[in-house]
Structure formats: C-alpha cells, structure tokens
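This briefing is intended for a reader who is meeting the structure for the first time. Please keep the sequence and the structure in view while reading.

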Amino acid sequence: MEKKLGLRNVVSVSVGLVIATSCLISLGQGAGEIGELFIFAMIIACLLNMVTMATMSELNALMPNVTGGLAQYTLAGIGPVPTIVLMVGGYMISNILSSGVEASIFAYAMGKVLGLPIPNFFWTVLASIVILIANLCGVDMFAKIQDLVAYLLLGSMLLMGLIGVFKLGTGTVIHQPAIMHPHFKNVVSMTAVAFWLFIGAEYAIPISKDVKNAKRNVPLGMFIGLGIICLVQSILIMGFKNYTYWDALAASAAPHLLYGENLLGKAGQIWMAFVAALAVVSTQNSTVQGLSSIFAGMSRTNLMPQFFGKLNKHKVPYIGIWAVTLSILLFAWLSQDSSDRISFLILVGSVFWMASYITAHIDLLVFRKRLPNAPRSFKVPFGPILPIIGILGEVYMIMNISIDPVERHQIWALTGVIFVILFVYAIIWTKVKMRIPIFKPVPMEKVLAMENTMYYKIRKRRGIWK
C-alpha cells in the first residue's frame, strides 16, 4: 500500500489538536496572571511535552504501525486493566471532552460576533456534520483539510500577534508592565496551565502507517509542531501586552475575542471568531480521525467491542468516527454558554491527559528493562533520565492543576471517582471478555499479531483468547 503522508502532514496533525481556542483561553489566563513571564512557563511545558513525544516515538519504533498506539504499547507493557483504565479514562474521555469544550467555545464566539437569533449550539452541530463527512471520506480528505486549517490557523495567530507586537493595530496602545509577580516560583506554578497549550501532538502516531519515512518524519514532525506552537503563542502574548490589560485577560471568558476587539475593533473580533472556527475544525478533525483509529486498534486486542474495527469503502473505521462525533456533541451541549464549566472541564481533561502521558513513560521504562536489545529506529537519549523527568513533571502539574484549592480538590475528586469506576469495569471486562490475567502484560509479538485480521477469525472460531 502506497504511503501518502509526509513531514508536512505530520506537522499539521501535531499542530491540529494542540492549537485550539481552549488553548487561547489558557494562554490569556496564564498571561493575565504573570504577564510575559508566562512565556518561560510555556517553554518548560513545551520541553516536557517534547520529552513525552520522544517517548511516544520510541514506543512507536518498538511497535511500528499499530493502529491503537498507546493502548497497544500499554497492553504489552503493563497489562490489560491499566490499559483500559488509562486509555478510556486518561485518553479517550479527555480527548472527547476537550473537543466538546472546544466546540462550545467556537459556538460562543460565533453567537457573540454574529448575534443571529439562533441557538449557539447550532454552530457546533454544523461544524460536527462537516467534519464527520470529511472523515468518513478517508485519510486523503482528512489530510487536505488538516493541512489547510492548521496552517491558516497558525498564520492568523502569528499575524495577530505581530500586529500587536509592532503596535500596528487600529485600537489604543496601552502601557503596562511586561511582567507581573516576577518570581521563579510563579513560573513553576503556572506550568500546569501552560501544559494544556501543548497537549495532543502525539496524534501523529496513529497515522504513522500512512507516513513516508515514518521513523524520521513522525518524531521530527511532532517536535517541529510543538516548537512552532511555542513560538507563535509567545508572539501572541507579547501582542497582548500592548493592547489588553493583564487583569482583563485573566478575568475574560474569551480573552482571544477581547484581544481581537482591542487590537482591530469589530474587524479583530470577527477575525478571532474566524480563528475559533479554524480551531474547532482542526481540533475536532484530529480527534475524530485519531480516536477512531485508536478504537479500531483496541478492538483488535479485544480491549473494546470488535465492531469498532469495521471499515467502510474508504477503509476508515466508520463506527468509531460516528461514536466520537456524537460524544463530542454531548460534551459540547453540557458545557455550552458557561465559562465556568468550560474552564473546569479543561482542567479535568488535562489531568486525564497527563495520566496517559505518565503511563507512556512507564511503558518505555518497562520495555527498556525487559527488551534492552530490541531494535529501535528511534531511542530517547540519556537512558531513563528523560522519562523519569517527564513523570515527575507531570505528577507535579497534576498536584498543582489549579491555583484555587477548592477547584483543585474538586478536580481530584471527580477524576478519582471516574478512575475507580473504570478500574471496576476493566477488571470485569478482562475477566469475562478477554479471559486473561488482569495485570499480566500480553507478549509484544502477540499484540503485533493482533493487527492481522486472521487473528480475529482464529480467536472467534476457538471462542477464547489465543
């Protein structure tokens, strides 16, 4: 089968989920708290995410072309129950939740700018239908949309930032300190907020089977994507400084719209609404395509119902595409028109996502111990040091997920309850459906064999896990 995607596509996919209006909200709130000093928190968070992407790249090098990605790495690394708990809770829920929140922010922006006598949720449904149809048409359509949207989005953000930096806007230039609360502890405390700005670059992993020279282009594309995002958002913060007061940014439910209006008046507000439209297409497109592939991969390992592995005439897992789209609509409906719910759900999703990243680092350390001489086309340098740094950094950010102690405890309580429910479900599923030891890793060669459709037929014929 001809591989159709290159480095440019990997960069656009990596950027696609990361760049979002939910990130612009976190960007505005972070900058509003400590000013341009937030750029240093962003750099720390970006480097931690690059460490995670390096870990993902080595895992992909050990188990290339698996459609389930982290699910199959974890199944071979630490067993089925942790895989189900962390993948369903730590990855799938967080991805769908963040996309639903993104859709809510987009709908809010459209309603505020256009002011039409229709419910804001209409815009969410419209965007979801367009993205659903595009993804059902296959990887070619997905790549074309992702390239166009990702680069238009980055270009718009960069231009809006540069206009602000060089004071070329039509609005009033303001004068305020560049840095608020200039203490290193404030930089460290804001890394949890900054981390959300870089989550999701690993969405290049599930499409690696369609990428030319994947062993080079997949890790390189993810690193380039994160670096570009950090640069563009840093420029945007410097633009904020000249046109929007820090305290106004911190208090705003839509700081990107506030900046656009202060920068260029109504035209700037419309432009930022356009950015929100690009962001929801980019984020939701990445989520639908990536998660449907992961669902298909998990169905091959019996971690999810096998109908998720069915393909349509375009060779895409259409049931997963429908399921993800409908789930995103549900979360969008739950969070619509409420800035408090949107902010809270962003932080909840961030905790789940960090938990999945911690699992990836643990998988790598396990494979380093168990398979030290296995061939790898990519290897994280400096032995176990970087994965351990990644784990410690992400644990720290979970412990400091919110500067409000009440909200922080609410987030921990909600995520804890969900993880307990998933743990019970995972034990039952593993015992009844998979019929294997709940914490015993499945041999890597067996997990890789599950990619072959014949594996299903044999297992179904025997009626047991073989």
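Apart from its neighbours within four places in sequence, Thr170 is in contact (heavy atoms within 4.5 Å) with Leu263, Leu264 and Gly265. Thr170 lies in the loop between H7 and H8, where helices (H or I, at least four residues) and strands (E, at least two) are DSSP runs numbered from the N terminus. The model is a predicted one, in which local features need pLDDT of at least 70 and side-chain atom pairs count only at pLDDT 80 or more, while totals for chains, interfaces and linings use all residues. Residues are numbered from 1 along each chain as its sequence is written, and side-chain values use heavy atoms, with hydrogens and water left out.

- Thr170 counts as exposed because its relative accessibility is 64%; the cut-offs are under 20% relative accessible area for buried, over 50% for exposed, and partly exposed in between (1.4 Å probe, protein chains only).
- Lys167 is also placed in the loop between helix H7 (139-165) and helix H8 (184-189).
- With a relative accessible area of 44%, Lys167 is partly exposed.

- Helix H10 (residues 214-243) packs against helix H12 (residues 255-264) at an angle of about 60°, and their axes are 10 Å apart; axes are lines fitted to C-alpha atoms, for helices over the stretch in contact, and angles run from 0 to 180 degrees between N-to-C directions.
- H10 and H12 are therefore oblique to each other, given that angles under 35 degrees count as roughly parallel, over 145 as roughly antiparallel, 65 to 115 as roughly perpendicular and the rest as oblique.
- The crossing of H10 and H12 is left-handed, a term that applies if the near helix is turned anticlockwise from the far one by less than a right angle, whereas clockwise gives right-handed.
- On the H10 side, Leu236, Gly239, Phe240 and Tyr243 meet Tyr259, Asn262 and Leu263 of H12.
- The contact of H10 with H12 comprises five nonpolar, two polar and no charged residues; Ala, Val, Leu, Ile, Met, Phe, Trp, Tyr, Cys and Pro count as nonpolar, Asp, Glu, Lys and Arg as charged, and the others, Gly among them, as polar.

**Helices H3 and H16**

- Helix H3 (residues 38-62) and helix H16 (residues 385-399) pack at an angle of about 130°, with axes 9 Å apart.
- H3 and H16 are therefore oblique to each other, and H3 passes H16 in a left-handed crossing.
- H3 contributes Leu48, Val51, Thr52 and Thr55 to the contact, and H16 contributes Leu386, Pro387, Ile389, Gly390, Gly393, Glu394 and Met397.
- By class, the contact of H3 with H16 has six nonpolar residues, four polar and one charged.

**Two buried alanines**

- Ala192 lies in helix H9 (residues 191-195) and, at 3% relative accessibility, counts as buried.
- Ala192 and Met397 are 205 residues apart in sequence, yet their C-alpha atoms are 4.7 Å apart in space.
- Neighbours within four places in sequence aside, Ala192 is in contact with Met354, Met397, Asn400 and Ile401.
- Ala109, in helix H5 (residues 80-114), is buried, with a relative accessible area of 0%.
- Ala109 and Ala273 are 164 residues apart in sequence and 5.6 Å apart from C-alpha to C-alpha.
- Leaving out neighbours within four places in sequence, Ala109 is in contact with Leu257, Ala273 and Ala276.

**Positive phi values**

- Most residues other than glycine have a negative phi.
- Lys167, which is not a glycine, has a positive phi of about 55°.
- Lys315 has a positive phi near 65° and is found in the loop between helix H13 (266-300) and helix H14 (318-335).
- At 65% relative accessibility, Lys315 counts as exposed.

**The protein as a whole**

- The protein has 19 helices and zero strands.
- Of its 466 residues, 60% count as buried.
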